[in-house]
Amino acid sequence: MMEPVLGWTDDRVALLRRLWEDGQSASKIAAQLGGVTRNAVIGKVHRLGLAGRARGGEEAPAAAPPSKTVEIETAIAVVETQAPEPVAILAHRPAPEFPAPVPAPEPVALAVSQRVTIMDLRESMCRWPLGDPTTPEFRFCGARSITGLPYCTHHAEIAYQPAAERKRDRRVASFR
């Protein structure tokens, strides 16, 4: 047999309002209403616009007499009016000094005879691509490659950068 679903009826909303205004906690209200969670009570309170409370409830300490409250508020107002203006910050930290960027190596002009198609490419030739692969003029470098690497000395310097240099380049690029 299915249990009836307890929704937010007018009676339950009225009870929620009364308990909330009496200063009850959301957990206690949920327990008294039954069938709802603490979070459901908090959500309904916010939707109803009941965020402020008149009293603190059982958990709250006893309120101070009104005369002391007025004295405290007056003292706070006096202190606030006598407080000095905050000092404006006129100096900033200097920018960190980064090492000067290493100039990019000058492009080396390759002889046209070294440029090879994929059909002419051999094991000991540089495989650095030159140009747009979708055009008939696309070629590979074709210069003598370094043993164990697919590139010649010039293209290996471009392709393989030391880790410290890569990190520095990324750090410098992020500040631009």
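**Exercise 1.** Which residue just after H3 takes a positive phi?

*Solution.* The structure is a predicted model, in which local features need pLDDT of at least 70, side-chain atom pairs count only at pLDDT 80 or more, and totals for chains, interfaces and linings use all residues. Residues are numbered from 1 along each chain as its sequence is written, and side-chain values use heavy atoms, with hydrogens and water left out. Helices are DSSP runs of H or I with at least four residues, numbered from the N terminus. Just after H3 stands Gly49, with a positive phi of about 75°. H2 is followed by Gly34, whose phi is also positive, near 75°.

**Exercise 2.** Determine how H1 and H3 are oriented and which residues join them.

*Solution.* Step 1: consider the axes, which are lines fitted to C-alpha atoms over the stretch in contact, with angles from 0 to 180 degrees between N-to-C directions. The axes of H1 and H3 come within 11 Å and cross at roughly 90°.

Step 1: classify the angle. Angles of 65 to 115 degrees count as roughly perpendicular, and H1 and H3 are therefore roughly perpendicular to each other.

Step 2: name the contact (heavy atoms within 4.5 Å). H1 contributes Val13, Leu16, Arg17 and Trp20, and H3 contributes Val41, Lys44, Val45 and Leu48.

**Exercise 3.** On which side or sides of H2 do its buried residues lie?

*Solution.* Step 1: the buried residues of H2 are Ala26, Ile29, Ala30 and Leu33.

Step 1: they cover an arc of only 100° around the axis, which puts them on the same side of H2. The arc is that of the directions from the helix axis to the C-beta atoms.

Step 2: recall the general rule. An α-helix has 3.6 residues a turn, so residues three or four places apart point the same way.

Step 3: the buried residues of H2 pack against H1 and H3.

Key
Helix = DSSP H or I, 4+ residues; strand = E, 2+ residues; numbered from the N terminus. Parallel < 35°, antiparallel > 145°, perpendicular 65-115°, else oblique. Buried < 20%, exposed > 50% of the residue type's maximum accessible area, 1.4 Å probe, protein only.
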